[in-house]
Amino acid sequence: MSDNVLNKLCEVLEARRQSSPEESYVSSLHHKGLNKILEKVGEESIETILAARDAELSGETDKLIYETADLWFHSLVMLSHLGENAQSVLDELERRFDLSGLEEKAQRDHT
């Protein structure tokens, strides 16, 4: 994954957050509030799941990639709305490198 693309996207999302809701889709989502953003994340999650199912049957992954990009985009908007960013998620993923999936899950079950 290119950190440069992710960093640029985060910068654009933050800049557009400050824009007029009439001029920016991102700003309009922030203006409508967290529930609207969560609705979009949920919608994109479902579309990604359906695209994955279709990709398994057809072998074509173009729609899956498109829908996953939408899901990531809206997830980044959600994080931004709550004062977080992609780096926070990357830091958490990096923390998990030294754990097996089973160890990580066990740690979550105890917190």
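Of the contacts in the protein with a separation of 6 or more, 53% join residues 24 or more positions apart, a contact being heavy atoms within 4.5 Å. The structure is a predicted model, in which local features need pLDDT of at least 70, side-chain atom pairs count only at pLDDT 80 or more, and totals for chains, interfaces and linings use all residues. Residues are numbered from 1 along each chain as its sequence is written, and side-chain values use heavy atoms, with hydrogens and water left out.

The protein holds six helices and zero strands, giving the pattern α-α-α-α-α-α along the sequence. Helices (H or I, at least four residues) and strands (E, at least two) are DSSP runs, numbered from the N terminus. Along the principal axes, the C-alpha atoms fill a box of roughly 45 × 40 × 30 Å. Of the 111 residues, 23% are buried; buried means under 20% relative accessible area, exposed over 50%, and partly exposed in between (1.4 Å probe, protein chains only).

Helix H3 deserves a look of its own. H3 covers residues 34-58, and because its 25 residues at 1.5 Å a residue should span 36 Å, the 35 Å between its end C-alpha atoms agrees; the expected span is 1.5 Å times one less than the number of residues. Its buried residues are Ile37, Lys40, Val41, Glu44, Thr48, Ala51 and Ala55, and what covers them includes H2 and H4. Leaving aside residues up to four places away in sequence, Glu44 touches Glu67, Asp70, Leu71 and His74. After H3 comes Gly59, with a positive phi near 80°.

As for charge, the mean positions of the 12 positive and 23 negative charges are 4 Å apart. Lys and Arg count as positive and Asp and Glu as negative, with His and the chain ends not counted; each charge is placed at NZ of Lys, CZ of Arg, CG of Asp or CD of Glu.
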